[in-house]
Amino acid sequence: MSQLVSAGLPDFPWDLLEPAKAKAAAHADGLVDLSMGTPVDSVPEVVQRALAQAADAPGYPLTSGTPALRAAITAWVTRACAAAPGFGVLPSIGSKELVAWLPTLLGLGPGDTVVLPEVCYPTYEVGARLVGATVLRTLSGDPRLVWINSPSNPTGEVLAPSRLAEILRWARERGAIVASDECYLSLPWTKEPVSVLSLCEGDYTGVLALHSLSKRSNLAGYRAGFVAGDPALIQELLAVRKHTGMIIPAPVQAAMIAALGDESHVDAQRARYGARREILLAALTKAGFQVEHSEAGLYFWATRGEDCWETVDWFAQRGILVAPGTFYGPAGHRHVRVALTASDERVEAAADRLA
C-alpha cells in the first residue's frame with residue numbers, strides 16, 4: 001500500500017491545543033478562546049439579503065464567477081490595492097483552499113523549492129509538502145514560488161513598500177512566482193499596508209495576490225475569496241479548477257458582490273476590532289507581555305521570553321486559550337498569538353483575568 005498523503009503532512013496544529021483548551025474551559029466563568037481568527041460578529045445585513053435573494057440557484061455556477069462578480073472583484077482590487085489595469089481575477093473557495101492547493105495548481109513537484117516567511121501561516125508549508133517540494137524560510141536559491149504575507153499572520157507585521165519591491169525584484173530575477181497573501185489588508189492599525197499589485201506598474205507577470213472576505217466582512221462561513229494578478233497564471237488556475245470542480249456556490253457569489261460593493265460594514269467591523277484591540281493591548285502590557293509588530297490584522301504577537309507552551313499553559317490557567325508560536329514556524333518558539341476575534345464580553349473577561 002502506498003503511503004497515505006496525510007503521513008507526509010505535519011500534525012494538525014489545533015489538535016495539539018486540546019489539552020490546553022480543556023484546562024481553560026474548566027474556568028468558573030468559562031473559556032475565552034483567543035486562539036483562532038474566527039469571526040464572531042454577525043454577517044452584514046446587506047450580504048445576508050443578497051445571499052437569500054440568490055437562493056433559488058438550481059444550475060451549476062461558473063468556476064470563473066459570474067461577469068458581475070468578476071467586475072466587482074476587479075473594481076475592488078483597483079480601488080483597495082491601487083492596481084493599474086491589466087490584471088486578471090478569479091474567485092476561490094475562501095483563501096485557505098487556494099493557499100493549500102496553489103503549488104499543485106501551478107504544477108510544482110519534487111525538486112522544486114518554495115520560499116516562506118520565517119514565521120507564517122502553516123498552510124503555506126502544507127501546500128508545498130503536498131507536492132513534495134522543498135521549503136525554505138529565507139530568500140535563497142532558485143525557488144519556483146515565493147510567499148509574501150503582509151499584514152502577517154501571525155505577527156501582524158506590515159512590510160514597507162520598499163521591502164515588498166525588493167522581494168518582488170529578487171523573485172522575478174529568478175523566474176519565481178510571487179504569491180502575496182493580503183487577507184488582512186483592510187485591517188490597518190499603526191501602519192498602512194499596501195498590496196504588491198500597487199508596485200507592479202501594470203506588469204503583473206508572475207504575481208498573484210490572494211484575498212479573503214472572511215475577515216473584512218465576517219464571511220468565514222461562506223468560504224469567499226479571490227485571487228488577482230498575472231492574467232496568464234489566472235487562466236491556468238481557471239483551466240485546472242474547471243476540471244476539478246473548485247466552484248463557489250452561486251448564492252455565495254451574489255453575496256460576494258454585495259460585500260465588495262459596500263465599505264460601511266468594513267469600517268464598522270474595523271472599529272469593533274479596534275476597541276477590542278485597545279482593551280487587550282493594555283491588559284497584555286500590564287501583565288508583563290511584550291507585544292511585537294501587531295501593526296495590522298487580527299492578532300497580537302506576544303512574548304514573555306519563555307517557551308511558548310509555558311505561556312499557553314499560563315493563559316489556560318486563567319481560562320484563556322491562545323496559540324503557541326511554534327504553530328507558525330520554529331522561530332516562534334518564544335511567542336504566542338492572541339486573537340482579537342472574540343465578543344466584547346469575552347474580551348472584557350480576558351482583560352479582567354489578566355489583571
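Helix H9 lies across strands E9, E10 and E13 and runs at about 0° to E10; axes are lines fitted to C-alpha atoms, for helices over the stretch in contact, and angles run from 0 to 180 degrees between N-to-C directions. Helices (H or I, at least four residues) and strands (E, at least two) are DSSP runs, numbered from the N terminus. This is a predicted model, in which local features need pLDDT of at least 70 and side-chain atom pairs count only at pLDDT 80 or more. Residues are numbered from 1 along each chain as its sequence is written, and side-chain values use heavy atoms, without hydrogens and water.

**Helix H9**
- H9 covers residues 264-286 and reaches 34 Å from its first C-alpha to its last, close to the 33 Å expected (1.5 Å times one less than its number of residues).
- Its buried residues (under 20% relative accessible area, 1.4 Å probe, protein chains only) include His-265, Tyr-273, Arg-276 and Arg-277.

- Four strands form an open sheet in the order E9-E10-E13-E12, with antiparallel pairing (two strands pair if DSSP finds at least two bridges between them).
- E9 and E12 (323-324) are the edge strands, each pairing on one side only.
- E9 pairs with E10 over three bridges, and Glu-292 stands opposite Trp-301 in E10.
- E10 pairs with E13 over four bridges, and Ala-302 stands opposite Val-336 in E13.
- In the hairpin of E9 and E10, His-293 takes a positive phi near 55°.

**Burial of E10**
- Tyr-299, Trp-301 and Thr-303 are buried on one side of E10, and Phe-300 and Ala-302 on the other.

Technical notes: Buried < 20%, exposed > 50% of the residue type's maximum accessible area, 1.4 Å probe, protein only. Contact = heavy atoms within 4.5 Å.
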